[in-house]
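Work through the exercises below with the model open. Try each task before reading its solution.

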Amino acid sequence: MNRKFVMALGLALAASASMAQTLRIGLAEDPDVLDPSLARSFVGRIVFASLCDKLVDIDEKLNIVPQLATSWQWSADNKALTMKLRPGVTFHDGEKFDAAAVKYNIERHKTIAGSNRRGELLPVSSVDVVDDMTVRLNLSAPFSPLLTVLADRAGMMVSPKAAQANPTNFGAKPVCSGPFKFVERIAQDKITLERYANYWDKANIHFDKVTFQPVVDSTVRLANLKSGQLDFIERVAPSDVAAIKKEGKLGLARITELGYQGITINTGKSDLAQKNPLGRDPRVREAFELSLDRAGIVKVAMDGEAEPGNQWVSPGNAFYAKNVPIPKRDVARAKQLLKEAGVPNPSFTLMTGTTSDAQRLAQVVQAMAKDAGFDVKIQSTEFATSLNLADKGQFEAYVLAWSGRADPDGNLFSFHGCKQPLNYSGECRANWDELLNRSRATLDPKERIKIFATLAAEIEKERPIIYLYHRNWLWAFNKKLTGMRTVPDGLIRVQGLKM
Amino acid sequence: MTQYLAKRLAAILPTIFFVTVIIFTLQQLLPGDAATIMAGENQDPNVIAYLRQKLHLDEPIPVRYGYWIWGVLHGDLGESLRIQEPVLGLILQKLPVTLELAAMAMLIALVIGIPAGIVSATAKDSVWDYAANVVALWGLSTPNFWLGILMILLFSVQLGWLPASGYVSPFEDLQGNLAAMIMPAFVLGNAIAALLMRHTRSAMLQVLNADYVRTARAKGLDERTVVLKHALRNALTPIITLGALEFGTLLSGAVLTEQVFSIPGFGKLIVDAVFNRDYAVVQGVVLFTSTVYIVLNLLADLAYFLVNPRMRG
C-alpha cells in the first residue's frame, strides 16, 4: 500500500467520523425522571439543557436572555408578564410551539400529580393566550423571581400532544423542543440523544449525538476522559485539578456556583434547640463563626476550588449585601463571647454526609472550633437519613449544601421563611418574612439590593445558617472541544460546542 | 432421588415467603423517609404528601406488605418512582449484564482456582505450593475497588488497551463488549479464584490421604488418573457448593466493582435504589436475586448426585 493511499484512507475515515460526531459527557450521578414537571435533581438539569428548551435562559452574567420567548414585558402593576414567542419552533414530534402550548405546559407544571414545579409557579394564577405567538402569565401578586424560574425547569416546554398521549410515564420518553431529541435511556448506563433536524438554532449545533454516561467515581470519570472514552466530564474532584492542568490534551473550565455550602443550626426546629448552647444563644453561634477561617477551610476541604462566602449568594454576586462582609477569624473574641455566654466549652454534634469531602469539611471545622473552646462531635450520616433527621429537628448542626438558583430568592425564601420546607433551623421571624415577601414584590434590582442588605443584617444577628463557601463547578474536557460557556448554574450548554 | 427432590422443592416456597417478609421489613427499618428523599431538593410539602399516598406510607406495614405481595403474585413488581420505569423491565435490562459478568468472573475463577489448588495439594510444601498460596492470599486480601482502579490506570490510561469503564452490548459489538468486561470480570474472578484454590487445596489434601486413593495407587494407576479421576471427583463436592454460592453472590450484583467500572448491573441498580429509597426497585431486585440464589443452591445439591454416585442410592 502506498503512502498516499493510506493518507487518503485516513482522511476519508476522519471525514466520516466528523460527519457523525458524538459528544460523550460523563455525569457524576444517574439522573432522575426526565419529565421537567417531576424532575428534582441537579444532574437531570444537565441532560435537560440539551433536550428541552426553556422560555428564557440565563447567561454567564446571570442576565435573562431569550430562548423560546423572544421578548417580554411586565404590566404596570407588575401582576402580568406578557411574552412574545419565537416563531417557527417545533417540538421533536413535529408539533408546533405556540401560545396554547405554553398555556398547556404552565398548567401541566401546576397540576400534574407530584409536580415539583407547582411551588415555583405558585404566584402564577392563570395563563392567557393573547394571540398565536403571545402569551400572558397572570400573577396573584408581583413576583420578581418569575423570569429566573422560567429559565429553569418551570420554563421548559414539552409537546402537549406527546404529554397527553402518555400521561403516566412521559418521563421515560420525553418529547421537547431542544437541540437534541430523546433516543433511549438505559438506567445507570447511558442516555442517548440525537440531533433534532428542525431545531430553531441548528446553525449552532455541531454534534449529531450526545450521550450522557453516569460514572459515579470521580477518579474513573477522569480516567475515561484521559483514555478518550469521554469528551467532557462534569464535577471534577478538586484534588484532580493539578493533574489535569499538567495533562496537555485536557482543558479545564470553572465558575463559582450559584449555591453554597453551609452549616445549618437548629435554633428552633425542635426542643433540642433550647437544650444546647449553640442553638440557644446567638453569642455562641457568633463565637462558632469567629472560630472558623473560611479561606483555610476552602484550602483544606476543597483544595482551594471554592470562593469563601458568608451569605446565600457569593461576594461576586450583584445581590451580595456589602454591609455584611466576611468576618475574619478571631479566636480571642470567640473565647470572650463564650465567656460572656457562660459556656466556655460548649459541645455540640455536627451532622455531616458520608462522602470524603463532607468528612474533611467537618474535621476542619472541628479542629478550628476547638481553638475557641468548642467540642464538636462529628456524626456522619447517610443523606436520606440526615434529611429525615433534619426534617424532624433531630440535630444540633447540619452540614448542608444547596445547588443554588439564579435569583437570590431561590437561595433564601425556602430557607429563612417561617415554616418553609427547607427551613431546617426552625428560625421564624415576622420581620424576615416581611422582607422576603417585599423582595419578591419588588421588581427594581436596586430596591431589592437594599432589601437584601437589611435582611442580611437581620439574619446575621441570629445566624441560623453559617455560610462557608461557594464551590467551583469544575469541568474537564478534551482540548479539541471549543465554544464552552461557563454559566454559574453549572449546566452544559451544547449550543456553540464544537470539536 | 425423586423423594429428595420433592422434599427440597417443597422447602422452597416457605423459604421464599420468609425472604419476602424479611426484605420488606428490613426495608421499612431503614432510617429516612422515602417520600422526603424522593421529593428532591425543593422538599415541596405537596410533593411529599403525594408520594406518601402513592407509596402507601401512611398505612400500617402489614397492609403495605399486602399491596406489594399482591402485585408480586400477579407478576407486577411495581415501578421505580425515581425514573418511572417498571421494576421488571429494569431487572430484565440488567440481568444479561450481570449474568455475563458473573459467568466471565466464574470462568476466570475456575480456570485459575481449581488447577492452582490441585497443583498446590499434589506438590504440598513445594515452591509451587508456596507460590500459589501467596497469590491466593493476595487475591483474598486485595480490595476490589482498589485493584479495579489500578487496572484502569494501567490498562486504560497508561497503555490505552482497554476502555476505562462503561458497557457495550455483545450484540452491538462483541469485541467492545469483551474489552469492557474483561477487567471487571478479572477483578471479581480473582478474589473467587483465591477462595476456590484454598478450598480445592484442603479438600484435595484430605482426599489424597484416604484409603481408596492409596488402593488406587497400589493398583498401579498412573498418578494423573489417581489425582484427576479418583481424588478430584470426591474433592469436588464442597467446591461445587462453594462455587454455586459464589455464583449466586455474583448474580446479586457486585456493587463496588460495578461502581468502579460503571457496569450497569444489579449492583449499581440496587445501591442507587437504596440511597434513593426507591422501595419497589430494592424489593424487586432482592426478591429476584434471592430466588435465584435459592434455586442455585438447589441445583448445587442436585449436582452432588452427578459427581457422587453414593448419594444416588
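**Exercise 1.** Find what share of the contacts in chain B between residues at least 6 apart in sequence join residues at least 24 apart.

Solution. Count two residues as in contact if their C-beta atoms, placed from the backbone, lie within 7 Å. Take the pairs in chain B at least 6 apart in sequence; 71% of these contacts join residues at least 24 apart. Note the source: this is a predicted model, where local features need pLDDT of at least 70, side-chain atom pairs count only at pLDDT 80 or more, and totals for chains, interfaces and linings use all residues. Residues are numbered from 1 along each chain as its sequence is written, and chains are lettered from A and ligands numbered from 1 in the order in which they are written.

**Exercise 2.** Describe the make-up of chain B.

Solution. Start with the elements: chain B has 13 helices and 2 strands. These are DSSP runs numbered from the N terminus (helices H or I, at least four residues; strands E, at least two). Next, the extent: along the principal axes, the C-alpha atoms of chain B fill a box of roughly 80 × 60 × 35 Å.

**Exercise 3.** In the open sheet of chain A, which strands stand at the edges, and why is one side of each left without a neighbour?

Solution. Write the order: β4-β5-β7-β6 of chain A, with antiparallel pairing. Strands pair if DSSP finds at least two bridges between them. β4 (69-74) and β6 (124-131) of chain A each have a single partner strand, so one side of each lacks a neighbour in the sheet. Now check one pair: 5 bridges join β4(A) to β5 (residues 80-85) of chain A. In this pair, A:Ala69 stands opposite A:Leu85 of β5(A).
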